[in-house]
Amino acid sequence: MSEFITFGEIMSRIDMPLKKRFRQAFPGSVDFSFAGAEANVAAFLAFSGRSVSYITALPIHEIADACLGNLRNVGIDTSKILRTPEGRLGCFYVEEGANQRPSKVIYDRSYSSVSLAPPSAYAWDEIFKDAKWFHFTGITAALSANAAEVMLCAAREAKKHGLTLSCDLNFRKNLWRWEPGTAPAALAKRIMTQALPYVDVLIGNEEDASDVLGIKAGNTDVTSGVLQIQSYPDVARQIGAQFPNIKKVAFTLRESISASHNRWGAMLYDVASGKACFGPETAGVYKPYEITDIVDRVGGGDSFSAALVFALSSPDLAEDPVAVRFAAAASCLNHSIRGDFNYSTKDEILSLMKGDASGRVKR
């Protein structure tokens, strides 16, 4: 049985080539891959030698077969994935930005198989048997009322089986639209606050905390590219006070100078001690990574979640200062890799943590 379980939707990812706009690229050839927040986490854990099962629902056709093959090829256990004649394989289109032009994502996920499959379709007792960690995100619940019910059921069942639960809030305002008349943020808050009482490790960013939980990091304005870092421990403290079951709160800290240049780091807050650790640090002072030539930033947050879960469950990396720096370094490297999956190795991540950011050829 697998030690780690992740649950969510995997989709086809369709990228426009050579940084073309959608109108430039169509008709024409595009890059096709498979991706999804929870699958991205599962992939890194599998690459890193952990046993991990990914749970989702897929339609019965050859493209879904190819998706399963891709997951198996990276070492993920797919034996508990549902195959159902109802629904479809969702997809999303990516238009890669450059300089001052932002990247753009268009979702096409309505009526996907995972949004239609009911909670009773999943064998939760078998799925969680002997497992230790369950990871999910707010993206799944944003798909449909049914998907939200499944997510809540999965969280309850995982906690009943004694697993550690991690959740990435991952607020997507363009997805939370399955209840007409309810604003996306209000709907997300109503659903996610039902899930958070089961969560041990909460992951997010300043927009998630503000939009979903109504807790703002000082006067931070993400569109300005400047974050008020000193406000983040207080945001985490308020989350811990509202949900006393949460043991740790992690925030990614992205300063978007342009589509091609970001500053990147993270904070990990321990609720019991009230102590916040930041990464990366130089001489005890937070100093974010300068990522000046981004290859692909889609999936960057997922790579942080994956590496944080890996670190917190690894005896040699589990101390908060080490765990947050490991996760920040892993996600920094993921910005240099095309596609959602983070193919970085533990040794590469540790090397960056120790200050080797030269990019010299390894021979």
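I began with strand E2 (residues 11-15), which pairs with E3 in the antiparallel sense over five bridges. I noted that two strands count as paired if DSSP finds at least two bridges between them, and that strands (E, at least two residues) are DSSP runs numbered from the N terminus. Ser12 stands opposite Phe34 in E3.

I recorded that this is a predicted model, in which local features need pLDDT of at least 70, side-chain atom pairs count only at pLDDT 80 or more, and totals for chains, interfaces and linings use all residues. Residues are numbered from 1 along each chain as its sequence is written, and side-chain values use heavy atoms, with hydrogens and water left out.

I then looked up the sheet order, which is E3-E2-E7-E8, an open sheet of four strands with mixed pairing. Strand E3 (31-35) and strand E8 (104-108) stand at the edges with a single partner strand each, so one side of each lacks a neighbour in the sheet. The twist averages 25 degrees from one strand to the next (axes are lines fitted to C-alpha atoms, and angles run from 0 to 180 degrees between N-to-C directions).

I turned next to strand E13 (residues 262-270).

I listed the partners of E13. Strand E12 (residues 248-256) pairs with E13 in the antiparallel sense over nine bridges, and Phe251 stands opposite Met267. Strand E14 (residues 275-279) runs antiparallel to E13, joined by five bridges; Leu268 has Cys277 as its bridge partner.
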